[in-house]
Amino acid sequence: MNNNKRNNPSPGAVSQRIAVSRRIFIKGLAAGSLSFLAFGENMEASVGRGRNKEGSEMNDSRFLRRGVVLILEDLTLTDWPERVKNAKLNTIALHDAKSPRRVVDFVRSEAGKTFLAKCAKLDLAVEYELHAMSELLPRRLFDANPGFFRMNDAGERSPDANLCIHSKQALDIAAENAVSLSKVLCPKTGRYFFWGDDGQSWCRCLKCRSFSDSEQALILENHLLRSLKKGNAAVQVAHLAYSTTLTSPKQVMPEPGIFLEFAPIQRRYDVPLNDIANRQHLDALDANLKVFGSKGSQALEYWLDASLFSGWKRPAVKVPFKEEVLRNDLSSYAKRGVRNITTFAAFIDAAYTSAYGDPPLSEYGAALMASE
Ligand SMILES: [Zn+2]
């Protein structure tokens with residue numbers, strides 16, 4: 001999501017040109033048969049809600065999860081956890097544009113342990129939102145097993161991105177690696193975000209090509225979910241509706257435990273989500289909610305994403321924050337039953353606060369806590 005492959009957006013312009021680079025996928029389904037056409041209610045998240053201080057705060061708000069998504073470099077602003085707590089947010093998600101492995105290395109490091117301990121002390125949940133495909137299906141397997149990988153539009157198998165969702169072995173390897181990763185990156189919320197490659201296509205082989213990218217991603221997500229549930233029946237796996245997977249799936253249904261994560265990166269931020277200029281995104285949200293239900297759903301927004309507004313190039317520009325847009329957007333989400341809200345805040349780091357002072361985090365938190 002914070003990838004230098006992403007094209008430069010023009011958030012205030014008439015057409016936002018974030019090309020198709022910043023896509024995310026997260027999907028899943030069982031291989032080999034149409035048994036993946038399962039139905040069911042999504043389960044609500046998770047551990048400890050309503051049983052501790054955090055739970056009490058969550059139930060007092062329109063929104064249960066109130067978070068920010070940060071990249072590791074943002075932690076040069078060392079008091080991010082305190083800032084999040086003071087703004088009445090309850091969740092920090094870590095993201096890395098390059099590799100999930102960097103996040104794994106971080107949480108195992110002394111700095112990572114200190115960060116996690118501080119968050120725990122402040123009752124903040126830490127989650128991990130990652131383009132995880134290179135970890136789930138290592139590219140080095142390609143030479144011996146090209147059939148695990150996607151077929152591109154030229155009809156060639158390629159290790160460039162994602163996988164072939166009709167390869168049972170590929171799905172099983174991905175699930176096994178997801179289980180391993182979940183033991184290191186284990187949020188107490190029980191929510192996992194194993195996204196597909198950012199802005200990349202899925203498989204075009206004869207078996208896969210009749211499934212949309214959203215459907216292929218959901219096939220994988222359903223498969224990952226089944227394996228993760230063996231360790232903890234309450235886990236949830238995100239389906240990222242974003243860029244090429246913004247369109248709702250039709251032939252594949254989410255299994256219980258899959259929740260919608262809606263990330264409208266290509267929308268405009270100078271006007272609200274319900275403005276005519278953003279109609280395509282709101283329509284996509286509504287279509288997805290019909291498939292996934294609102295329970296457990298999350299908006300992954302960009303209101304504080306200095307990286308997006310900077311075209312993913314440093315130095316960062318000041319976030320063109322519009323509180324009235326944020327509040328209007330929150331109403332749009334709340335009225336649809338979306339109760340988990342987070343925003344990228346990438347590039348808000350020590351250099352950012354030196355240049356521009358405090359980011360509008362308290363305004364963001366206050367809007368989330370407001371009754372409407
Ligand atoms: Zn395929």
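**Figure 1. Helices H3 and H4.** The axes of helix H3 (residues 100-108) and helix H4 (residues 110-121) come within 4 Å and cross at roughly 75 degrees. Axes are lines fitted to C-alpha atoms, for helices over the stretch in contact, and angles run from 0 to 180 degrees between N-to-C directions. H3 and H4 are therefore roughly perpendicular to each other (angles under 35 degrees count as roughly parallel, over 145 as roughly antiparallel, 65 to 115 as roughly perpendicular and the rest as oblique). Phe106, Val107 and Arg108 in H3 are in contact with Ala111, Gly112 and Leu116 in H4; two residues are in contact if their C-beta atoms, placed from the backbone, lie within 7 Å. Helices (H or I, at least four residues) and strands (E, at least two) are DSSP runs, numbered from the N terminus. Residues are numbered from 1 along each chain as its sequence is written. The model is predicted: local features need pLDDT of at least 70, side-chain atom pairs count only at pLDDT 80 or more, and totals for chains, interfaces and linings use all residues.

**Figure 2. Confidence along the chain.** The pLDDT is the predictor's confidence in each residue, from 0 to 100. Its mean over the chain is 87, and 84% of the residues reach 70 or more. Over residues 2-58 the pLDDT is below 50, and this stretch has 183 contacts in the model beyond near neighbours in sequence.

**Figure 3. The barrel.** Eight strands form a closed barrel in the order S1-S2-S3-S6-S7-S8-S9-S10, with parallel pairing. Two strands pair if DSSP finds at least two bridges between them. On average, neighbouring strands of this sheet are turned by 30 degrees against each other, direction ignored.

**Figure 4. Strands S1 and S2 around Val68.** Val68 lies in strand S1 (residues 65-71), and S1 runs parallel to S2, joined by five bridges. The bridge partner of Val68 in S2 is Ile92. Val68 counts as buried because it has 25 C-beta neighbours inside 10 Å. A residue is buried if 20 or more other C-beta atoms lie within 10 Å of its own, exposed if 12 or fewer, and partly exposed in between, with C-beta atoms placed from the backbone. The C-alpha atoms of Val68 and Thr343 are separated by 4.9 Å, although these residues are 275 residues apart along the chain. In strand S2 (residues 91-95), five of the five residues are buried: Thr91, Ala93 and His95 on one side, Ile92 and Leu94 on the other.

**Figure 5. Strand S6 between its partners S3 and S7.** Strand S6 (residues 191-195) pairs with strand S3 (residues 125-131) in the parallel sense over three bridges, and Glu129 stands opposite Phe193 in S6. S6 also pairs with S7 in the parallel sense, over two bridges. The bridge partner of Arg191 in S7 is Gln236. Six of the six residues of strand S7 (residues 236-241) are buried, so S7 is largely enclosed by the rest of the structure. Gln236, Ala238 and Leu240 point one way from S7, and Val237, His239 and Ala241 point the other way.

**Figure 6. The largest nonpolar core.** This core has 98 residues, of which Ala174 and Phe194 touch the most other members. A nonpolar core is a set of buried Ala, Val, Leu, Ile, Met, Phe, Trp, Tyr and Cys residues joined through C-beta atoms within 7 Å. Helix H7 (residues 213-231) gives the most to this core, with seven residues.
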